[in-house]
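Please look over the model shown here and follow the report below alongside it. The text goes from whole chains to single residues.

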Amino acid sequence: MTRHARTALSATAFAILGSLAPLAGHAEWGNLNMPVGVTVLSKEIHALHMTIFWWCVAIGVFVFGWMIWSLVAFRKSQGAKPDTTMVHSTKAEIIWTVIPVVILVIMAVPAARTLIAIEDTRNTEISIKVTGQQWKWHYDYLGEDVKFFSSLARASDEARQLGSGVNPESVENYLLDVDNPLVVPEDTKVRLLLTAQDVIHAWWVPAFGMKKDAIPGNVNELWFKIDKGKTGLYRGQCAELCGRDHGFMPVVVKVVTKDEYRIWLAGQRAGTSTPSEASTELTADAAAAVAALPAAPRG
Amino acid sequence: MANSATHDHALDHHDHKPHGLKRWLYATNHKDIGTMYLVFACVMFFLGGTMALVIRAELFQPGLQFVDPGFYNSMTTMHALLMIFGAVMPAWTGLANWMVPMQVGAPDMALPRLNNFSFWLLPFAFTLLLLTLFVPGGAPAGGWTLYPPLSLQAGDSFPLTIFAIHLLGISSILGAINVVVTILNMRAPGMSLLNMPLFCWTWLITAYLLIAVMPVLAGAVTMLLTDYFFGTSFFAASGGGDPVMFQHIFWFFGHPEVYILILPAFGVVSEIIPTFSRKPLFGYESMVFATASIAFLSFIVWAHHMFTVGMPLAGQLFFMLSTMLIAVPTGVKVFNWCATMWKGSISFETPMLFAVAFLFLFTLGGLSGLMLAIVPADFQYHDSYFVVAHFHYVLVPGAIFAIMAGVYYWLPKWTGRMYNEKIGKLHFLLSTIGVNVLFFPQHFLGLAGMPRRIPDYSTQFADWNMVSSVGAFLFGVSQLLFVYVIWSAVRSGEKAAERPWEGAHGLEWQLPTPAPYHSWETPPSRPIISHGAML
């Protein structure tokens, strides 16, 4: 089966399961499945998701089929007589213990393989320290002397106030837009070092395949390598409840070519664009605070 | 035959019970206390449900329409605390109070005064918890999981919440001890453990889980308390502590806790499906072993709630594999229920309808649980609406449908009156449609990238959120029917037959209808036990 056919099929399956298929005409109704994403890992993760999904569909067809069959075929109203001697069968019980175990092993092997790849943070080309704080992100390009805050874009921030009277539909990328996006080059292994100032946050861009918690006193790692040619803007959100404005702490990543990245970096160092003096000062404090923390001795 | 054994007792009725308020304040009778637990659970179910409707009203469309984001967070936190500790757990204890003595051939619970105390802790605990809605800083808003450092940012609600949780823990432990002692010591002579109805078995195992993990929760929240007031830094990185340690301790309680919510449901469904299939439960012993295995596994899977905190690879692999293993005993249970219906003679009264819906929808929640076990995929699912859909599928059409099925099933024996079957079926139909319209679209939302616990969302999520909210109001409003149908049955229902369900077996059905105040004053004779307990 081609991937398109599979995607189409899975979308259909989700829609049918929801018994809401007739509504699928509208553009946003079709937003039913995990994005395939634009990184090596996100594609592997999506493939795993689809594999386990199809196993669940298969199991579901069998189990629900069995239930529906029993409920229809053995109705008292149709004169069904109970077979009260049928109370135990060692053979059946062995079968329905062993088969699930086999399915689980079949699933566990590729899952473990992908997990090992996810944890392999060797040979990273760029390291960026990401610090979550209530309610914005701070990005520090390690060794490049480029650091800045990234917070909810003003248009969204105005529209999201209680009783603002602004229709969210009229705001472009409502709640998923920031002032200063994280800028990274395509086709480069980028490693994020995640930590937090105050409470736990989580950095999540669905198109990159994963999220990771940013925890005070800990440094977590996450890496991604965006496919060549997939430049553009990718959006996500803080995924760990972090207080009042948890819902207003988006992540936006601008993926550029390697050349554009170098130029952008040079421009930042020269101080020609956005990050202000004030934010750099705050950043120095944040960096000192994080540097002073003990290395995460977590098991 | 069965009735002649108990007939005389029914006539002497020396149920010296005080009347009026004293009957309830000083209650030591398992039925009175069971009733109080169930009524309390129902009140909490509606309060927690109202909070859920505040959440769904705010999420009906993008933008903030009704509440402040801080209050929204309080709603999600309080909704969870009320539903878990106020609705589902007390409902199970209420059903255990009613049914365990009746099913094992005992006159009452083993420790009636303790029973009174464990119930009466609840109203005080929830008064404290609900008071937080009115204190400076508002109700707790850091999620029911109380993760520090966020939970430590709470205002005056903090000590009230911690104290309420301590009281709830004590109440649960005392209730659990009572169930264990009753089941182990008060079974009628001749009723071996492997003769017990499955509801008693699942509750026995649940009770051990409660005794094992409620102290762990108490420890975790006490550490939070000392971090907040006494300058300790168990969970404060600045003092050498670790916020992640809280999550490990919390989920060591939390995962067994989810089985505490669902195991008694397995028991109820294992009573109802055989009754309405007119066929004994298939694979009774494997059901018991499966329940025990699930309980054992529940202690070694906790970290699957926190795959994104950054565990070592070996840890992630261990928790992935142990979590996947749970599918095996759970599968055994589902297959046994299917095999029980197979070649049966099935009729569809309200309890059976709810049990069948449980079977379908709990299995659906189990399958999404299997998906969540796959760690790399969980990095996408975690803390998204996919998780919200998953656990609501196992808790609402899982635990709550089973509670309702149990109430419909045993109500005629409790009250001697029958509920209105038509309204019962209507309640079932609206609830089942409502629950699916409510929770199924949340799978889509989560996969498309909507995080949980947010009061407002990007416009791409608008359509399915609207559907979900419509489902929520349908489900919420149809629960009023439940109260109505139970109330009208108790007040003015038709007189129930001695054996309202022809296929029902078990000692409780050998008692007269309504069941006498002191269930089995003399233990049932062996023929009754062998006739009743196992068919």
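How many helices and strands does chain A have? Chain A has six helices and ten strands, where helices (H or I, at least four residues) and strands (E, at least two) are DSSP runs, numbered from the N terminus. This is a predicted model, in which local features need pLDDT of at least 70 and side-chain atom pairs count only at pLDDT 80 or more, while totals for chains, interfaces and linings use all residues. Residues are numbered from 1 along each chain as its sequence is written, and chains are lettered from A and ligands numbered from 1 in the order in which they are written.

## The two chains

Chain B, for its part, contains 17 helices and two strands. The radius of gyration of chain B is 23 Å, close to the 24 Å that the globule rule gives for 535 residues, so chain B is as compact as a globular protein of that length; here the radius is taken over C-alpha atoms, and the rule is 2.2 Å times the number of residues to the power 0.38. Along its principal axes, the C-alpha trace of chain B spans about 70 × 50 × 45 Å.

The table sets out two values for each chain. A residue is buried if 20 or more other C-beta atoms lie within 10 Å of its own, exposed if 12 or fewer, and partly exposed in between, with C-beta atoms placed from the backbone. Two residues are in contact if their C-beta atoms, placed in that way, lie within 7 Å.

| Chain | Residues counted as buried | Contacts at least 6 apart in sequence that join residues at least 24 apart |
|---|---|---|
| Chain A | 40% of 299 residues | 68% |
| Chain B | 65% of 535 residues | 83% |

## Domains and the contact between chains

The domain assignment of chain A gives domain 1 (3-79 + 88-118) and domain 2 (126-292), and such bounds come from an automatic or database domain assignment. The contact between these domains takes eight residues from domain 1 of chain A and ten residues from domain 2 of chain A. On the side of domain 1 of chain A that touches domain 2 of chain A there are five nonpolar, three polar and no charged residues; Ala, Val, Leu, Ile, Met, Phe, Trp, Tyr, Cys and Pro count as nonpolar, Asp, Glu, Lys and Arg as charged, and the others, Gly among them, as polar.

The contact between the chains takes 82 residues from chain B and 91 residues from chain A. Several helices of chain B each supply at least two residues of the side that touches chain A, including helix H4 (69-104), helix H8 (243-277) and helix H11 (327-341). The largest share of that side, nine residues, comes from H11(B). By class, the side of chain B that touches chain A has 50 nonpolar, 23 polar and nine charged residues.

## Two helices of chain B

At 1.5 Å a residue, the 36 residues of H4(B) should span 52 Å, and its end C-alpha atoms are 50 Å apart, which agrees; the expected span of a helix is 1.5 Å times one less than its number of residues. Of these 36 residues, 33 are buried, so H4(B) is largely enclosed by the rest of the structure. A kink of about 35° in H4(B) is centred on Met83(B), the bend at a residue being the angle between axes fitted to the seven residues ending there and the seven starting there. After H4(B) comes Gly105(B), whose phi is positive, near 80°.

Helix H7 (residues 198-229) of chain B has 32 residues and reaches 46 Å from its first C-alpha to its last, close to the 46 Å expected. H7(B) bends by about 25° at Val213(B), and a proline, Pro215(B), follows within four residues.

The peptide bond from Gln134(A) to Trp135(A) is cis, with omega near -5°, and Trp135(A) is found in the loop between strand E1 (126-133) and strand E2 (136-141) of chain A. In chain B, the peptide bond from Pro148(B) to Pro149(B) is cis, with omega near 0°.

Asn123(A) has a positive phi of about 55° although it is not a glycine, and with 8 C-beta neighbours inside 10 Å it counts as exposed. Asp145(A) has a positive phi of about 60°, although it is not a glycine either, and with 11 C-beta neighbours inside 10 Å Asp145(A) counts as exposed.
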